[in-house]
Amino acid sequence: MGGYPSEAMLIFAPRETSSGETRVALVPDTVARLVGKGMDVALESAAGAQSGNPDEAYTEAGAGIVTDRAAALSDADVVVRVRKPPSEEVDRLKEGCVHISFLDLFNEPGLIDALVQCKVSAISMEMIPRTTIAQKMDGLSSQANLAGYTAVILAAERLNKIMPMLMTPAGTLSPARMFVIGAGVAGLQAIATARRLGARVDAFDTRPAVAEEVRSLGARFVKVDLGETGQTEQGYAKELTPEQQAKQREGMAKVCAQADVVITTAQLFGRRAPMIVTAEMVRGMKPGSVIVDLAVESGGNVEGVVPGEEVEINGVRIIGLTNLAGRTPVHASQMYSANVGNLIDFLWDEERKALNLDLESDILRGCLVTHDGAITNDAIRARREG
């Protein structure tokens with residue numbers, strides 16, 4: 001099995017078990033790069049099947065394929081996945097193991113406690129700092145990028161008209177109008193994709209600083225006077241006051257009424273997503289319009305959205321499908337695997353042939369959640385103490 005077990009550091013990527021998850025944490029190109037540095041890499045059989053990566057491609061890249069998941073989890077020095085580990089698997093990880101994945105850590109206090117108890121060094125991919133040096137490790141942004149693209153494709157397929165303007169012998173067809181709420185990574189990609197399809201796009205964000213980015217993509221920035229707003233150190237929008245939220249809804253209601261498609265992407269890191277599109281605003285939209293709520297997994301931006309489903313209210317279709325990045329598993333896995341590989345590269349100590357968890361590193365201080373039997377992340381500690 002590719003030299004496993006050996007004295008080299010062993011990285012193991014288990015098959016994802018979350019319902020509907022199609023992505024894999026490592027693709028063959030990343031495996032080959034890690035093996036070339038002297039690491040052993042193993043994957044559970046069929047881990048990459050849904051993302052177009054058969055076991056044979058991994059063995060050609062130098063990885064081992066295992067069928068005994070429990071044994072591999074116990075033997076691995078580093079475990080990498082997309083989703084958080086099932087609770088029953090945490091105590092199978094060996095003491096000192098480094099675990100890398102999305103952790104949903106603000107909603108999983110029991111999981112964090114289990115990782116502490118088992119002395120696992122858990123790295124949360126959603127906590128990678130949004131800095132220039134960490135950009136290539138930022139799994140949250142890479143997956144949000146694809147989610148923004150997928151949202152537009154879904155909307156275009158569900159919409160009862162075409163996106164671009166067409167001039168035909170039978171007359172001119174007006175372009176579809178799209179309103180994107182939230183101009184972060186997902187929102188900007190949604191704008192860019194909609195513009196490529198020929199739609200007329202309006203966009204809104206509580207952060208005035210992103211207005212120029214919106215305009216550079218060919219969209220119109222909708223101005224709503226909310227008073228003082230801003231963003232966190234991580235680049236996320238700050239939570240609005242109830243008065244600001246009311247002004248925001250009032251300012252956006254008219255734009256929603258004119259739109260054929262509304263895409264909402266507004267999320268507050270570690271908190272419930274803000275309710276932006278009310279039932280009254282939905283009633284004001286044209287029958288046949290489409291809403292895609294990208295914040296549905298953290299509570300949703302749209303009143304009436306149902307996680308994992310599509311519903312119709314007064315002729316308006318509200319799409320609450322989850323894991324939109326996973327609908328493009330080939331590229332989603334490719335990008336996430338590159339993020340994980342770059343993080344491992346950053347932590348790799350060539351002399352020791354092991355990961356160096358330097359607690360003075362700004363990147364590690366941001367994303368290392370548990371280490372040596374303690375919670376090491378300031379945001380988690382503050383949340384618990386508060």
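Me: H5 and helix H6 (residues 185-196) pack with their axes 7 Å apart, at an angle of about 40 degrees. What makes H5 oblique to H6?

Reply: Under 35 degrees would count as roughly parallel, over 145 as roughly antiparallel, and 65 to 115 as roughly perpendicular, with the rest oblique. About 40 degrees falls in that rest, so H5 is oblique to H6. Angles run from 0 to 180 degrees between N-to-C directions, and axes are lines fitted to C-alpha atoms, for helices over the stretch in contact. Helices here are DSSP runs (H or I, at least four residues), numbered from the N terminus.

By the way, this is a predicted model: local features need pLDDT of at least 70, side-chain atom pairs count only at pLDDT 80 or more, and totals for chains, interfaces and linings use all residues. Residues are numbered from 1 along each chain as its sequence is written, and side-chain values use heavy atoms, leaving out hydrogens and water.

Me: Why are H5 (residues 139-158) and H10 called roughly antiparallel?

Reply: Their axes come within 9 Å and cross at roughly 165 degrees. That's past the antiparallel cut-off, so the pair is roughly antiparallel.

Me: Which residues make the contact between H5 and H10?

Reply: Contact means heavy atoms within 4.5 Å. Gly-139, Ser-142, Gln-143 and Leu-146 of H5 meet His-331, Ala-332, Met-335, Tyr-336 and Asn-339 of H10.

Me: How many residues of that contact are nonpolar, polar or charged?

Reply: 4 are nonpolar, 5 polar and none charged. Nonpolar covers Ala, Val, Leu, Ile, Met, Phe, Trp, Tyr, Cys and Pro; Asp, Glu, Lys and Arg are charged; the others, Gly among them, are polar.

Notes:
Helix = DSSP H or I, 4+ residues; strand = E, 2+ residues; numbered from the N terminus.
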